[in-house]
Each structure stands twice: as structure tokens, then as C-alpha cells.
Amino acid sequence: MLHPARGGELPLTIHHRLVEGRAPDEDGWQLLWVEPEPEHPFATLFRSGLDYLIRVEWADFVVAPQARTIVTYTDAPSRLVEQLLVDQVFPLLLHALGRPPLHASAVAFDDEVTAFVGKSGAGKSTTSAVACQLGARLVCDDCLALTFQEDTVLAHPGYAAVRLWPDAAEALAEDPAALELVTPRTAKRRAPYPAVEHPLPLGRIVELRRGEGAPRLERLHGADALRTLGAHLHRMTDDDREALRAEFAFLAGLVERVPVLRLTTGPRLDDLPEALALLRQALRKA
């Protein structure tokens, strides 16, 4: 079962209820989007009034943002439902409530958080795993919830594991076959790492990109930083004006408080330690 946030939580209470079976069919629900594509959907989103239905292969989640309530309809194992709630459903609810989380993996170096964002396949989880093997502690793997505290941005910890594709698991884990599958649909494995116990200050956000040659690190400013972060949010919909206004205010406040960097690395797993060394060197100079 889900447990309360470790050592601190967002100033937000979400009520959750579990019901066996599947939700009533979508009559009366308006289809909003299908991800990744209609032929092979992983998640489908419907709306009825102010409420949403998120339908995945193993569960249905009826989300009522105004009531801050999630009702989960499923017969799936609890471990799978927990992962879907934390990685897929809670982030969308937070966006609908005007608290948009970053689609990011994050680690803590010396009690300051570095968040990694990037397109699918950019290596967010793998970079965090390598950082943890080099002495960092894990903050989250997919959803980074943030709150503003005056001039500081606090990063709130998620669960203490990253999700690795088989090649990364083979390279990084002592016994890859012993790692738990994330879901029956994917080959990704869940790899546990030492994790932070309390919210910590967010020191920087790093967009990961693949390239050729030696690792490169650059600072993004102004509109470039804003556009970069806007591309890496968990977003319920893009037609809710109130949520979008809150999203813009959130992003503007984030760019004002936290440096946004871009780290370009080679395509091989062996390139990551050198890239992280470049990042750590830049942090020591900052």
C-alpha cells in the first residue's frame, strides 16, 4: 500500500479510495487524449464536467481535482497500482490543481537537488542511477513535485528506485534478473538506490541531450529556459485556462529561482561518468 511522504509532504491532502473491478464505461465522458497513439494506447484521458477518467490497461482512475479525490478501479497487484498512481495519476492531478510537477529524475549532491529533464530516451533515469553509484542520493525517478519557499524551491522525494531499460540494468546492477519488472507491459526493471528522506532545495535543472564528442554544459536563460521547462511538465490538458495561467506563473518563478542548464553527452552509457564529472566541476565553481 502507499505510505505517507517520507520526512515531509506537499501542503496538500489527496484522498484515495480503491474499488475492485473497472469503472463504469465512458458514456458521458469526453475523450481528450490517447497516449502514445490510438493503435497502441497506454493511457486514455476522458473528462466529464470537472472530473477526469484516466484509463490504462490494468486500472481506471477517476480524478476529481476540486474534491482532491482519486478513486482507483482495479484488480491489479498493489505494487503495480502504486507505480501507476505515483508516476501517471498524481502528476496530472497536481497540474490540474495549479501545482505542475516536472517530468524529471532527480538526485541530491550534498543536500542540494539536481533534476534531470529530457525527451523520452534521453537517459534521465540512467543518469540518476549512475549519479547514485557515484555517491548521490535519489530524489525521484519520474515525477518531481516542487514548492516555493520564499527564494528557495523545495524538491519533494518520491519512491526510492529508478526504472532502467535492460541494457542499463545489465550494466549497472549486480543481478539484473533479480530486479522487479516495473509493469507487465515493459521490459524496464525497478532498481533501488539510497534516497533522501526530506524535501531539499532544488539547486539546478539539467536538460539532457544526446550528441557527439566530449560532454558539453551550457546555461539557458530567459525564454530559452522557460520553453525548455515547459516541454517537460506533467500536464493534464492544455485547454484549462486557469491551470495554464498557474503553469506559466510556476515556470516563471522557477526560472527566476533556479538555474537551467543543458548537458550534451555521447550516446554510450560509458559517457555518463565523464558528463557527471563535468557537471560536478561546474557546481563546485558556481
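Predicted model: local features only at pLDDT ≥ 70, side-chain atom pairs only at ≥ 80, totals over all residues.
Start with strand β3, residues 43-48. This strand is mostly covered, with 5 of its 6 residues buried. What lies beside β3? Strand β2 (residues 30-35) is joined to β3 by 5 bridges, and the two run antiparallel. Within that pairing, Val34 stands opposite Thr44 of β3. Strand β4 (residues 51-56) also pairs with β3 in the antiparallel sense, over 6 bridges. Here Ala43 faces Val56 of β4. β3 and β4 form a hairpin with 2 residues between the strands. In that hairpin, Gly49 takes a positive phi near 65°.

Strands of a sheet pair through backbone hydrogen bonds, either parallel or antiparallel.

Move on to an open sheet of 3 strands, in the order β13-β15-β14. Its pairing is antiparallel. β13 (161-164) and β14 (180-181) each have a single partner strand, so one side of each is left without a neighbour in the sheet. β13 is joined to β15 (residues 189-192) by 4 bridges.

Now the helices. Two packed helices are described by the angle between their axes and the distance between the axes. Helix α4 (residues 222-230) packs against helix α5 (residues 241-257) at about 125°, with the axes 10 Å apart. The two are therefore oblique to each other. Their crossing is right-handed. Which residues make the contact? From α4 come Gly222, Ala225, Leu226, Leu229 and Gly230. From α5 come Phe248, Leu251, Ala252, Leu254 and Val255. These contact residues divide into 8 nonpolar, 2 polar and no charged.

Methods: Residues numbered from 1 in each chain as written. Heavy atoms only, no water. Axes fitted to C-alpha atoms, helices over the stretch in contact; angles between N-to-C directions. Parallel < 35°, antiparallel > 145°, perpendicular 65-115°, else oblique. Left-handed = near helix turned anticlockwise from the far one by under 90°. Contact = heavy atoms within 4.5 Å. Nonpolar A, V, L, I, M, F, W, Y, C, P; charged D, E, K, R; others polar. Pairing = 2+ DSSP bridges. Buried < 20%, exposed > 50% of the residue type's maximum accessible area, 1.4 Å probe, protein only.
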